[in-house]
Amino acid sequence: MAFRRDHQDQEWTRWRREYNNLIIAARVPEFIVESRRHWLSFLDNGYLEESGPSRQFNFDVQGLPNDEQETLLQLIETYPDGPESEAARRLRQSLKGAH
């Protein structure tokens, strides 16, 4: 089990490094990509929010400017299973309504 987690951590680090410029261009808040767990939760739901004593954050694909939505969708599509995610679906729906 530890081997699998180490492999996933390595893959996550590699993906972040490879797509760092796209992460920056998409203006993704750091808390979304600070961990694989946060990123997967964001992909599954199309938003990520956390409220606790040490910090609070809330990020939702709805309400982003169209250019940021398009760049974020490009980023999501680089991640395994990203194109089929709820975040991708919500972005496509939002962009379709904007055109």
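A salt bridge is here a side-chain nitrogen of Lys or Arg within 4 Å of a carboxyl oxygen of Asp or Glu. This is a predicted model, in which local features need pLDDT of at least 70 and side-chain atom pairs count only at pLDDT 80 or more, whereas totals for chains, interfaces and linings use all residues. Residues are numbered from 1 along each chain as its sequence is written, and side-chain values use heavy atoms, with hydrogens and water left out.

**View A. The salt bridge of Arg27 and Glu68.** The side chains of Arg27 and Glu68 meet at 3.2 Å, N to O, and the pair links distant parts of the chain, with Arg27 in the loop between α2 and α3 and Glu68 in helix α5, 41 residues apart. Helices (H or I, at least four residues) and strands (E, at least two) are DSSP runs numbered from the N terminus. Arg27 is exposed at a relative accessible area of 58%, while Glu68 counts as buried at 11%; buried means under 20%, exposed over 50% and partly exposed in between, with a 1.4 Å probe and protein chains only.

**View B. The salt bridge of Glu11 and Arg14 in helix α1.** By the rule above, the structure has six salt bridges, and in this one the N to O distance is 2.6 Å. Glu11 and Arg14 lie three residues apart, about one turn of the helix; Glu11 is partly exposed at 35%, and Arg14 is partly exposed at 40%.

**View C. The tilted pair of Phe42 and Phe59.** Rings of Phe, Tyr and Trp (its six-membered ring) pair if their centres lie within 6.5 Å, and planes under 30 degrees apart count as stacked, over 60 as edge-to-face and the rest as tilted. The structure holds nine aromatic pairs. In that of Trp15 and Tyr19 the centres are 5.9 Å apart and the planes at 45°, so the pair is tilted. The rings of Phe42 and Phe59 have centres 5.7 Å apart and planes at 45°; Phe42 lies in helix α4 (residues 36-45) and Phe59 in strand β2 (residues 56-60), so the pair ties together parts that are 17 residues apart in sequence. Both Phe42 and Phe59 are buried.

**View D. The largest nonpolar core.** This core, a set of buried Ala, Val, Leu, Ile, Met, Phe, Trp, Tyr and Cys residues joined through side-chain atoms within 4.5 Å, has 26 residues, and those with the most contacts inside it include Phe42 and Leu72. Leaving aside neighbours within four places in sequence, Leu72 is in contact (heavy atoms within 4.5 Å) with residues including Val28, Phe42, Phe59 and Leu91.
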